[in-house]
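Subject: Handover of a structure

Hello,

I am passing a structure on to you, with notes on what was found in it. Please open it first and keep it in view while you read.

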Amino acid sequence: MAKTSEAKVGNILRYNGELVTVTELIHRTPGKGGAFYLGKFRNIKTGKIVEARLGTDEQIEICRVETNDYQYLYEEGEYFVVMDNVTFDQFNVPKALFGPSAKFLKEGMDVIVSFESEEPIVAQAPNFVELEITYAEPAVKGDTSSGAQKNVTTENGVEIKVPLFVNQGDKIKVDTRTGEYVERVK
């Protein structure tokens with residue numbers, strides 16, 4: 001347990017039984033009454049912003065969170081199995097923690113996972129991944145207006161729009177945050 005004055009932006013707290021990240025913490029000293037803190041917290045699971053007024057000596061629980069690199073091994077139902085690169089321990093991480101970037105994961109890829117007392121709370125795929133194209137629609141001759149794109153399917157079954165010059169068998173770089181084509185990889 002700690003006092004509110006010891007909290008900093010970026011800390012993860014247990015507030016009302018939920019894990020939250022401190023996004024803003026402002027100290028106020030009004031002319032009348034005692035000093036207090038105004039805090040904005042983002043709920044880790046739901047993403048909702050919660051505002052709170054906390055006394056300076058109020059007890060809060062700052063959670064100890066360990067963030068490490070893990071290797072993605074395989075998919076098992078609603079979980080991804082990841083392995084610690086140092087101890088070789090394996091953990092089940094819910095797919096939902098990765099969000100929309102989960103569909104871009106390949107076996108052997110490095111991911112970042114944060115644990116709070118043996119429970120995974122945050123997971124992040126790499127920002128960019130390289131994927132091979134397994135199917136590409138043929139480019140239509142004469143369809144060369146600026147920015148023309150076609151649909152392709154990658155090795156893990158994801159459909160992406162790419163420029164016309166990209167063909168089946170090419171490797172492309174994809175931004176996992178937006179799901180967009182970045183460049184062709186040699």
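Which residues does Ile160 touch, not counting residues up to four places away in sequence? The list is Phe104, Lys150, Asn151, Val152, Thr154, Ile172, Val174, Gly179 and Tyr181; contact here means heavy atoms within 4.5 Å.

Some ground rules before the rest. This is a predicted model, in which local features need pLDDT of at least 70 and side-chain atom pairs count only at pLDDT 80 or more, while totals for chains, interfaces and linings use all residues. Residues are numbered from 1 along each chain as its sequence is written, and side-chain values use heavy atoms, with hydrogens and water left out.

Overall form

The protein has zero helices and 16 strands. Both are DSSP runs numbered from the N terminus (helices are H or I, at least four residues; strands are E, at least two). The radius of gyration is 23 Å, well over the 16 Å that the globule rule gives for 186 residues, so the protein is more spread out than a compact globule. That radius is taken over C-alpha atoms, and the rule is 2.2 Å times the number of residues to the power 0.38. Along the principal axes, the C-alpha atoms fill a box of roughly 75 × 45 × 25 Å.

Of the 186 residues, 35% are buried (buried means under 20% relative accessible area, exposed over 50%, partly exposed in between, with a 1.4 Å probe and protein chains only). The accessible surface comes to about 11,400 Å², and 47% of that belongs to carbon and sulfur atoms; the areas come from the Shrake-Rupley method with a 1.4 Å probe, and for residues only the protein chains shown count as cover. Among contacts between residues at least 6 apart in sequence, 43% join residues at least 24 apart.

The six-stranded sheet

Six strands form an open sheet in the order S1-S6-S2-S3-S4-S5, and the pairing is antiparallel (two strands pair if DSSP finds at least two bridges between them). Strand S1 (2-3) and strand S5 (49-55) are at the edges with a single partner strand each, so one side of each is left without a neighbour in the sheet. Inside this sheet, strand S3 (residues 18-28) and strand S4 (residues 36-43) are joined by eight bridges and run antiparallel. Leu25 has Gly39 in S4 as its bridge partner.

Strands S7, S8 and S10

Strand S7 (residues 65-76) has seven bridges to strand S10 (residues 110-116), and the two run antiparallel. Across this pairing, Asn68 stands opposite Val113 in S10. S7 is also joined to strand S8 (residues 79-84), by six bridges and again antiparallel; here Tyr70 has Asp84 in S8 as its bridge partner. The hairpin of S7 and S8 has two residues between the strands, and Gly77 takes a positive phi near 65° in it.

The five-stranded sheet

A further open sheet has the order S14-S13-S12-S15-S16, with antiparallel pairing. Its edge strands are strand S14 (159-163) and strand S16 (180-185), each of which pairs on one side only. Neighbouring strands are turned by 50° against each other on average, direction ignored; the axes are lines fitted to C-alpha atoms, and angles run from 0 to 180 degrees between N-to-C directions. Strand S15 (residues 171-175) is joined to S16 by five antiparallel bridges, and Ile172 stands opposite Arg184 in S16.

Two residues from this part are worth a look. Thr176 sits in the loop between S15 and S16 and is buried, with a relative accessible area of 3%. Its contacts, not counting residues up to four places away in sequence, are Ser101, Phe104, Pro126, Asn127, Phe128 and Val129. Tyr135, in strand S12 (residues 128-136), counts as partly exposed at 45% relative accessibility. Leaving aside neighbours within four places in sequence, Tyr135 is in contact with Val152, Thr153 and Gln168.

Nonpolar cores

A nonpolar core is a set of buried Ala, Val, Leu, Ile, Met, Phe, Trp, Tyr and Cys residues joined through side-chain atoms within 4.5 Å. The largest has 28 residues, of which Phe98, Leu105, Val111, Ile160 and Ile172 touch the most other members. S7, S8, strand S9 (90-94), S10, S12, S14 and S15 each supply at least two residues of this core, and the largest share, four residues, comes from S12. Another core, of ten residues, lies apart from it and includes Val20, Tyr37, Ala52 and Ile60.

Regards
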